[in-house]
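Please look over the model shown here. The report below walks through its chains, the annotated sites and some backbone details.

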Amino acid sequence: MKKSVQDFKVLRKTELNDETFVIDVKASTPLPDIKPGQFVNVLVENANNTFLRRPLSIHFVDYEENIIKLYIKKIGEGTNKLSELNLGDKLNIVFPLGNQYSIPKNSKTLLIGGGCGVAPLLYLAKHLRDAGNQVTTILGVRSAYDAVELDPYKEYGRVFVTTEDGSVGEKGYPTQHSVLNEKFDYTFTCGPEPMMKAVAAYSKSKAIPCEVSLENTMACGIGACLCCVTDTKRGNICTCTEGPVFNINELKW
Amino acid sequence: MVNLEVKLKDLILKNPVMTASGTFGYGEEFEDFIDISQLGGIVVKGTTRHHREGNPYPRMAETPSGMLNAVGLQNKGVEYFCNTIYPRIKHYNTNILVNVSGSVIEDYVETAAMINELDKIPAIELNISCPNVKEGGMAFGTNCASAASVVREVRKVYKKHLMVKLSPNVTDISEIAKAAEAEGADSVSLINTLLGMAIDAETRKPLLSTVTGGLSGPCVKPVALRMVWQVFNAVKIPIVGLGGIMNAKDAIEFILAGASAIQIGTANFIDPQVSVKVVEGIKEYMIRHQVENLTDLIGAIKEQ
């Protein structure tokens, strides 16, 4: 799939809470085929300490509107600057980058997202449903305040929530949710590493395939700089090109 | 019409813009973004005698106007390059240089000798300046005697254009440049990264697995420019300037300071099309300043 660098235009901005927002960016030419799990590398302008692009998961793609949705949590200067973008502003993006989640057919799939790690799971849920899979999504957050944007996932299957304080859904971590007592054929996850490791352990105990999306400090995003390596059974490989999605069997987890 | 062609001794570049080793992969990573044949040359990833896994993660830290890296010359070794990568990239209609590194002199010599056999590789860039390997690398380039000895030994087996990449982590870079010239280097490229460090105050941990790493990006440009000018005043062989070049204006500054050609490094990460934009920008500058031949700009700074 050919990668490109393009100016997108901010079409919509939706604030989910004080820290989290979704921006819809519109491409000037028809979007290429974008796979679930892929990411973009965005240029943050006018930020003194943000020199490199920011890699962001692709949250959703709407080919009719020709937009990519980006789900962003403000965690530093770069993401803060992105939150200040106005409608109509341009955003320079290198895309589509990375590999993708596998899409099985006619299976029971379990998606587990933690915090802003939920970002790539919505687009994945759509692809899984479209391939005839049953989709169950668990979103793990700290409290009700962070339990934002649940409805879109409901389009593609069941959605459950866990909160650390029990303010909504089941209390605890997503890997402690009671729905895990059901039988699943595949697990897909994205979020904090301890959570993904717990999902990996669960999947191993049930002997089902598990794919995780890893985060890493990236410079180029296209496999040129070798900065963002993951230590795998095949040695150090680039998270940006050979990932970000890995089957846990490839990792030394 | 403006003439962008430059000669580094026998090595002819269609224009002075090259890409820096370690920032451009093997060129293939950028094929979706640019036409590589529009560049004067590309310097592919640092290559060593044997496979190297490089340093552990984390290998990169962003800094104000730049970044630190501690990749540590991860590569699959020179045999893999010759047998697998070279056949894939040899059709590029540009100069392909291989950056050659090592831990001991024998490694440099054996690697250079193997690259010497590749028809479509007209030059090597001898890396005596990598700050991210425990042995060798920069250690060769920070002392005149050891720099001289590695250049001398490689010169015996390498028959084509020998470019030597210099480290800025020295007291007087012109002395190292002179040592390389005396041993038969055809050109020098400078600067490699500056040794730096970053710490997370909250966790009190260094941000790189190796604690220290190589600093690059626009933050190093004034240092690089000064060193190019110093070396220009010390040696007769051509100089390839690099260090924080982000656009054509930066490139012109290096050429005015004495560089015959330039390399784009870290900027490739920010804009994968920057290298060809710099070629266009240099052309525009030459038209605007009515400069017919790029060579007229080399070292052409005026007095204050």
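Where does UniProt place the feature "binding site" in chain B? The unreviewed entry lists B:Lys45, B:Asn69, B:Ala70, B:Val71, B:Gly72, B:Leu73, B:Asn127, B:Asn192 and B:Thr193. The model itself is predicted.

**Annotated sites in chain B**

Take B:Lys45 to begin with. B:Lys45 sits in strand β4 (residues 41–47) of chain B. B:Lys45 counts as buried because it has 25 C-beta neighbours inside 10 Å, and the cut-off for burial is 20 or more. Setting aside residues up to four places away in sequence, B:Lys45 touches B:Ser21, B:Gly22, B:Gly25, B:Tyr26, B:Asn75 and B:Asn99.

B:Asn127 belongs to strand β8 of chain B. B:Asn127 is also on the list of binding-site positions from UniProt. Leaving aside neighbours within four places in sequence, the contacts of B:Asn127 are B:Gly46, B:Asn99, B:Val100, B:Ser101 and B:Lys165. B:Asn99 is in contact with B:Asn127 and with B:Lys45.

The unreviewed UniProt entry also gives an "active site", at B:Cys130. B:Cys130 lies in the loop between β8 (123–127) and α3 (138–141) of chain B. Is B:Cys130 buried or exposed? B:Cys130 is buried, with 27 C-beta neighbours inside 10 Å.

| Residue | C-beta neighbours inside 10 Å | State |
|---|---|---|
| B:Lys45 | 25 | buried |
| B:Asn127 | 32 | buried |
| B:Cys130 | 27 | buried |
| A:Asn46 | 7 | exposed |

**Chain B as a whole**

Chain B has 9 helices and 16 strands. Its radius of gyration is 18 Å, close to the 19 Å that the globule rule gives for 304 residues, so chain B is as compact as a globular protein of that length. Along the principal axes, its C-alpha atoms fill a box of roughly 50 × 50 × 40 Å. Of the 304 residues in chain B, 57% are buried.

7 of its 10 residues are buried, so the helix is largely enclosed by the rest of the structure. The buried set is B:Ile173, B:Ile176, B:Ala177, B:Lys178, B:Ala179, B:Ala180 and B:Glu181. They pack against α3, α4 (144–157), β9 (161–165), β10 (187–190) and α6 (221–232) of chain B. After α5(B) comes B:Gly184, with a positive phi near 105°.

**Chain A and its domains**

Chain A is assigned domain 1 (4–97) and domain 2 (108–201). The centres of these domains, taken over C-alpha atoms, are 23 Å apart. Domain 1 of chain A gives 12 residues to the contact, and domain 2 of chain A gives 11. On the domain 1 side, β5 (60–62) and β6 (67–73) of chain A each give two or more residues. That side has 6 nonpolar, 5 polar and 1 charged residues.

Helix α4 (residues 193–206) of chain A has 14 residues. From first C-alpha to last, α4(A) reaches 20 Å, close to the 20 Å expected at 1.5 Å a residue. Its buried residues include A:Met195, A:Met196, A:Val199 and A:Tyr202. Their cover includes β8 (108–114), β9 (134–141), β12 (186–190) and β13 (210–213) of chain A. Just after α4(A), A:Ala207 has a positive phi of about 55°.

**The interface between chains**

How many residues of chain A are in contact with chain B? The answer is 24 residues of chain A, which meet 28 residues of chain B. β1 (4–15), β14 (229–232) and β15 (235–238) of chain A each supply at least two residues of the chain A side. By class, that side has 13 nonpolar, 7 polar and 4 charged residues.

**Backbone details**

Two peptide bonds deserve a look. The bond from A:Gly243 to A:Pro244 is cis, with omega near 10°. A:Pro244 lies in the loop between α5 (239–242) and β16 (245–247) of chain A. Another cis bond joins B:Leu190 and B:Ile191, with omega about 15°. B:Ile191 is in the loop between β10 and β11 (194–197) of chain B.

A:Asn46 has phi near 60° and sits in the loop between β3 (39–42) and β4 (54–57) of chain A. B:Arg204 has phi near 60° and lies in the loop between β12 (199–200) and β13 (205–206) of chain B.

Notes. Residues are numbered from 1 along each chain as its sequence is written. Chains are lettered from A and ligands numbered from 1 in the order in which they are written. This is a predicted model: local features need pLDDT of at least 70, side-chain atom pairs count only at pLDDT 80 or more; totals for chains, interfaces and linings use all residues. Helices (H or I, at least four residues) and strands (E, at least two) are DSSP runs, numbered from the N terminus. The radius of gyration is taken over C-alpha atoms; the globule rule is 2.2 Å times the number of residues to the power 0.38. A residue is buried if 20 or more other C-beta atoms lie within 10 Å of its own, exposed if 12 or fewer, and partly exposed in between; C-beta atoms are placed from the backbone. Two residues are in contact if their C-beta atoms, placed from the backbone, lie within 7 Å. Ala, Val, Leu, Ile, Met, Phe, Trp, Tyr, Cys and Pro count as nonpolar, Asp, Glu, Lys and Arg as charged, and the others, Gly among them, as polar. Domain bounds come from an automatic or database domain assignment. UniProt positions are given in the numbering used here, feature names are shortened, and annotations may be inferred rather than shown by experiment. The expected span of a helix is 1.5 Å times one less than its number of residues.
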